[in-house]
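Dear colleague,

Please find below the structure that I am handing over to you. I would be grateful if you would look through it first and then read the notes that follow.

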Amino acid sequence: MIGPLDTILSLVLLSILFSFGTSLLPGLIKVLAFQGVIVSIVPLLLGHEMATGEIVFTLITMVIRGVIIPLCIYLAIKKVAIRREVEPIIGFNASILIGLILIAAATLVSRNFVVPSISDSALLLSTTITLLVGGMFLLIARRNAIAMVLGYIMMENGIYLAGTTFSIHSRHIVEFGILLDVLAAVMIMAIILQNIKHTFDDMDTALLRTLKE
Amino acid sequence: MMIESMILWLLGILLAPFFSAIILKIKAFFGGKKGPSLLINYQTLSKLFKKSSVYSTSTTFIFKLGPMVSLCATLTVLLFLPIAGHRALVSFDGDVIFIFYLLGLGRFFTIAAAMDTASPFEGMGAAREAFFPIICEATMFMLLVLFYKLTGELSLAAYFAETRPLALWHMAGSSLFFVVVSLFIVLLTENSRVPVDDPTTHLELTMIHEVMVLDHSGPDLGLIELGSFCKLFFYASLVARLICPFDMGHLLPNMGVFAGSLLLVYVTVGVTESVIARFRMDTVPRFVLSSFVLAFFAIIITMEFIK
């Protein structure tokens with residue numbers, strides 16, 4: 001039987017596959033928002049005692065990860081009125097197949113890891129690895145700057161999952177600090193995007209090669 | 001026991017056109033129309049069987065063989081199906097592979113008959129009909145791998161008869177949701193339903209399955225129609241057994257539950273057809289591929305728990 005934690009984790013894995021297959025930016029943002037929400041729920045389901053402060057931190061994390069960051073990005077693309085396609089370097093069908101291979105490989109690799117996890121869920125480590133590598137893949141395989149930022153956020157989700165589940169003490173404080181960094185990065189990104197748009201009329205990062213001093 | 005299975009098999013064939021008419025009714029309801037009567041498919045079949053067939057001079061015996069072989073293949077497949085969870089008429093170890101290649105044989109003859117007419121449109125339809133089910137076959141075999149992993153057996157009866165589906169849910173849990181969805185996508189693709197193919201389109205360029213049967217007429221067309229109703233019934237009962245895996249212990253209540261869950265599947269097909277427009281031809285593979293992805297995904301998750 002699969003418990004609630006594993007159901008949530010399989011939803012995370014599924015959201016990774018979806019994010020590889022979506023061709024439009026708003027869809028990708030929604031998938032990432034969904035992923036952010038369910039990744040932040042995971043600490044609540046680990047089945048161990050949590051102080052009130054920890055629960056509050058987790059909920060705030062969920063709001064930032066699931067609502068504020070996606071909303072920032074959504075407003076940014078709305079404002080600069082860029083093209084809504086993610087402009088893949090690797091096609092969608094190939095991306096989905098690569099995603100499957102990633103999940104399979106992560107499952108194989110995670111069996112050889114010995115980590116002092118606070119939960120004995122079989123999917124936890126493989127989900128974490130898939131999130132990290134999947135985020136990198138999204139960074140590599142999409143040319144649109146926003147899609148790259150979303151890949152970076154997916155990696156951050158993976159780091160959060162690793163941090164909250166594999167460390168024991170005061171992890172929420174550390175994670176919260178990382179999250180604030182990401183929030184700042186997303187806001188800076190929104191400003192830079194407007195500048196790129198202003199200069200090139202496009203979000204294609206390939207155009208940045210033409211920048212000269 | 002044997003007699004009951006026989007009666008269920010006959011009932012399945014007899015009721016398949018009725019269930020298909022439910023889809024038409026649902027679509028009419030969504031369009032704000034009254035829709036045809038629920039017996040429309042019987043009327044169509046009897047009308048077709050009363051007519052005589054017309055054969056083009058460019059066709060050979062393959063063209064006449066096509067509808068017959070594809071119908072017979074589908075009827076044989078129904079022999080292996082545990083209808084309403086009751087024991088199937090025929091069952092042996094490894095019959096699932098036989099079943100899916102029987103369906104493949106039926107499709108092969110439909111395609112061969114279409115090529116036999118030497119019409120360029122039918123050749124195009126045949127190419128498409130051959131392409132999409134390739135991905136479906138990958139999905140089906142992924143599902144078989146999963147079921148084999150769970151039960152250790154390779155026969156349809158071992159997965160869908162009596163209390164077996166419930167046991168599957170106990171073993172695999174939530175990953176069976178993915179199996180149900182991917183099986184439903186296979187159902188839509190194999191039976192050329194809307195997001196993949198539109199059975200009511202009148203434009204040869206956008207047809208897949210329909211274009212291949214354009215040249216068939218009279219009883220031949222009737223055989224093809226009956227075959228497609230039975231094929232839809234086959235896939236729908238697989239899905240129905242999975243979404244409603246209960247066994248009442250008695251034949252009549254079992255049949256009631258089964259008919260109810262079948263109705264649910266057909267209504268879902270009707271609703272899907274009403275709310276989704278058919279996909280552009282180049283996005284269809286991605287849709288079909290998602291069924292493969294879900295099946296593969298279910299395997300990975302399940303492998304983690306059953307070692």
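A residue is called buried if 20 or more other C-beta atoms lie within 10 Å of its own, and exposed if 12 or fewer do. Please keep in mind throughout that this is a predicted model.

I begin with confidence. The model scores ipTM 0.71 and pTM 0.85. Chain B averages a pLDDT of 89, and 99% of the residues score at least 70. Within chain B, confidence is highest in helix α2 (residues 40-50), at a mean of 94, and lowest in helix α7 (residues 164-172), at 84.

Two residues of chain B deserve attention for their backbone angles. Most residues other than glycine have a negative phi. Ala118(B), although it is not a glycine, has a positive phi of about 60 degrees. Ala118(B) sits in the loop that joins α4 (95-116) to α5 (120-151) of chain B. Is Ala118(B) buried or exposed? There are 11 other C-beta atoms within 10 Å, so Ala118(B) is exposed. Ser192(B) is not a glycine either, and its phi is positive, at about 45 degrees. Ser192(B) belongs to the loop between α8 (175-190) and α9 of chain B. Ser192(B) has 21 C-beta neighbours inside 10 Å and therefore counts as buried.

Turning to chain A, its secondary structure consists of seven helices and zero strands. Of the 213 residues in chain A, 41% are buried. Among the contacts in chain A with a separation of 6 or more, 75% are between residues 24 or more positions apart.

Glu175(A) is part of helix α7 (residues 171-200) of chain A. Glu175(A) counts as buried because it has 21 C-beta neighbours inside 10 Å. Which residues does Glu175(A) touch, not counting those up to four places away in sequence? They are Thr61(A), Tyr160(A), Gly163(A) and Thr164(A). Met148(A) is 27 residues apart from Glu175(A) along the chain, and their C-alpha atoms are separated by 22 Å.

The two chains also meet. In this contact, 17 residues of chain A touch 14 residues of chain B. On the side of chain A that touches chain B, the elements giving two or more residues are α1 (4-21) and α4 (92-110) of chain A. The most comes from α4(A), with seven residues. That side of chain A divides into 12 nonpolar residues, five polar and no charged.

The largest nonpolar core has 138 residues. Those with the most contacts inside this core are Leu150(A), Ala236(B), Val239(B), Ala295(B) and Phe297(B). Helix α9 (residues 218-243) of chain B gives the most to the core, with 15 residues. Leaving aside neighbours within four places in sequence, Ala236(B) is in contact with Leu187(B), Leu262(B), Val265(B) and Tyr266(B).

Finally, α9(B) packs against helix α1 (residues 2-30) of chain B at an angle of about 90 degrees, and the two axes are 8 Å apart. The two helices, α1(B) and α9(B), are therefore roughly perpendicular to each other. The residues of this contact comprise eight nonpolar, two polar and no charged. Those from α1(B) are Gly12(B), Ile13(B), Ala16(B), Pro17(B), Phe19(B) and Ser20(B), and they meet Phe229(B), Cys230(B), Leu232(B) and Phe233(B) in α9(B).

Yours sincerely,
A colleague

Definitions and conventions: Residues numbered from 1 in each chain as written. Chains lettered and ligands numbered in written order. Predicted model: local features only at pLDDT ≥ 70, side-chain atom pairs only at ≥ 80, totals over all residues. Core = buried A, V, L, I, M, F, W, Y, C linked by C-beta atoms within 7 Å. Helix = DSSP H or I, 4+ residues; strand = E, 2+ residues; numbered from the N terminus. Contact = placed C-beta atoms within 7 Å. Axes fitted to C-alpha atoms, helices over the stretch in contact; angles between N-to-C directions. Parallel < 35°, antiparallel > 145°, perpendicular 65-115°, else oblique. Nonpolar A, V, L, I, M, F, W, Y, C, P; charged D, E, K, R; others polar. pLDDT = per-residue confidence, 0-100.
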